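Biologist: Please take one part of this model and look at it closely. I would like to hear about the nonpolar core and what surrounds it.

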Amino acid sequence: MISLKNITKTYKNTPVVKNVTLELPKGKIISLVGSNGAGKSTLLGVIARVLNPDDGQIIINERNIEDYKTRLLAQHISILKQSNHLNLKLAVKELVAFGRFPYSQGKLNTTDQEKINEALTFLELDDLKDRYVDELSGGQKQRVFLAMVVAQDTDYILLDEPLNNLDMKHSVQIMKTLQALCKQKGKTIIMVVHDINFASQYSHYIAALKSGEIKYFGKTQDIIEPKKLKDVFDIDFEILEHNNKKICNYFN
Amino acid sequence: MNVIKNYNTLKLFGLAALVLVLAIVSLFIGVKNISPLQVLNWNKQEVMLLTISRFPRTIALVITGVGMSICGLIMQQITQNKFVSPTTSGSLDAAKLGILTTLIVIPQEQALVKLIVSFLVTFSASLLFIKIINNLKHKSIVFVPIVGLLFGGIINSITSFFAYKFNIVQDVGATRDMSGSWLMGDFSGILQGNYEAVYLCLPAVVITYVYASKFTVIGMGKEVSLNLGLNYSSVLNIGLLCVSLTISAIVVTVGIIPFLGLVIPNIISHFKGDNLKATLPYTALFGAAFLLVCDIIGRLIIFPFEVPIGLMIGLVGGFSFLILLIKKQ
């Protein structure tokens, strides 16, 4: 479990994340939603220790994040940022192999090799593994980066807008993969999503942020309500139900 | 899988053999005609010439070729920019400033002290360059090396100023022309006893090889490095230390060798990709072969005189780069 206690992050005197306290349950998909500038990505960055909070504590598996060595922490938690601009010319299998870096420091053993192959198969990249990453399409690239995270084999996977720039087919494909990761491998997935319907369809919990504070946190069913959503996004929502899943119509 | 691996090893051996052949050819080129037969017969005069002048020159060529190419590669990883190299980051200019400082302040000191001063100046300048580009708002692929050139220009102008002031312009060659100054790269003056500092590149080469995977991770950016549990700043500093040591050792012994650090890593990256663990041996060997070829042509073309090595690298390097660009289209 990840516990956040009184997390505050300020950029040039403007607080972006304000006094956030949150308990993120294990083995679930948790979506962070909110308008632009609500502090979702910053909060995600703080949890992944890519950003240092100005105040507050992060506790992972009952241990303060600061007590972890960088290398050890990388075996527990991984993050995939929204803009994965790779300057290097690497083959798919080479990039995915770097997911094993926290364990192997570049010298791959048989376990590493197994995990790499497993990750490649999990994301259906077996046919592409010898291609260079920069030759692939957006959807394929995103799968490659996800495979790298899968190979890293951490309990907690943080994703910053994993559907950014993907079409509907590929978005659904990625979400299904995340579901499988959660179900088959017991991973905890915490992600920032912009499309409220993707959050509604695929996540177990939703945390709604507004101007740096957690407005609502709870099971998806309880959060997807017209009143709460209007409070978070400042627009009107109509909620439709289909197969016990809620779909939001906000095209007014 | 095994077949591919064997094939790659074979290619690597081929490249190593090429370097060896070129090195042997390089040994037997010169005004005094030496034939391998004379050496095998242990002809005293020829063997002496070989050990005092020809061997040191060839070894300096090989080490410089390896060192400059690897330096370029590390700088490109650290800055995440394919066009950054010792020439376009102010490193070479800083090494020059370091040598000028020693000429003015401690002219009587030994070569080693001069090397250390030069190394310190180069290392500080590299740190400053990294600091500058970290503060840049637009880190475009072209802008960063331009800033590097400007930065080098500023360092160079400081060097020029003090060189004029102390009347040692001839030595420092601060005017960037080719008029016979020893800081323009030149292998003709290499003799036993004055080139040994170049061996200081070797530890840097070994460290680079050990750290190859880490340098690749650094090339993916600070956040990716953090995510993979890598101590970004310590690896960055180790990289800069290696680069500074190599560059100052080379500049002190043979002078400034331009372009090499830019051209070689880019050619290898084009064909082999950027996984340093796999490509580093190619970069090193290809750098050595390339420099040997340039030197051999430069020595033969207007025999018994020599075309400056910098000019040869510019010609051959520029030409091959052009071919690469045209083929890419």
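**The core and its setting**

Modeller: This is a predicted model. In chain A, take the contacts between residues at least 6 apart in sequence: 65% of them join residues at least 24 apart. The chain itself holds 10 helices and 12 strands. Buried residues make up 43% of its 252 residues.

Now the overall shape. The C-alpha atoms of chain A fill a box of roughly 50 × 40 × 35 Å along the principal axes. A compact globule of 252 residues would have a radius of gyration near 18 Å, and chain A agrees because its own value is 18 Å.

Next, the core. The largest nonpolar core has 164 residues. Five of them touch the most other members: V96(A), A147(A), L158(A), I189(A) and V198(B). In chain A, domain 1 (1-76 + 156-174 + 186-252) and domain 2 (83-153) both give residues to this core, so the core lies between them.

Zoom in on A147(A). Leaving out residues up to four places away in sequence, A147(A) touches V96(A), A119(A), L120(A), L123(A) and L125(A).

V198(B), named above, belongs to chain B.

Methods:
Residues numbered from 1 in each chain as written. Chains lettered and ligands numbered in written order. Predicted model: local features only at pLDDT ≥ 70, side-chain atom pairs only at ≥ 80, totals over all residues. Helix = DSSP H or I, 4+ residues; strand = E, 2+ residues; numbered from the N terminus. Rg over C-alpha atoms; globule rule 2.2 N^0.38 Å. Buried ≥ 20, exposed ≤ 12 C-beta atoms within 10 Å, placed from the backbone. Contact = placed C-beta atoms within 7 Å. Core = buried A, V, L, I, M, F, W, Y, C linked by C-beta atoms within 7 Å. Domains from an automatic or database assignment.
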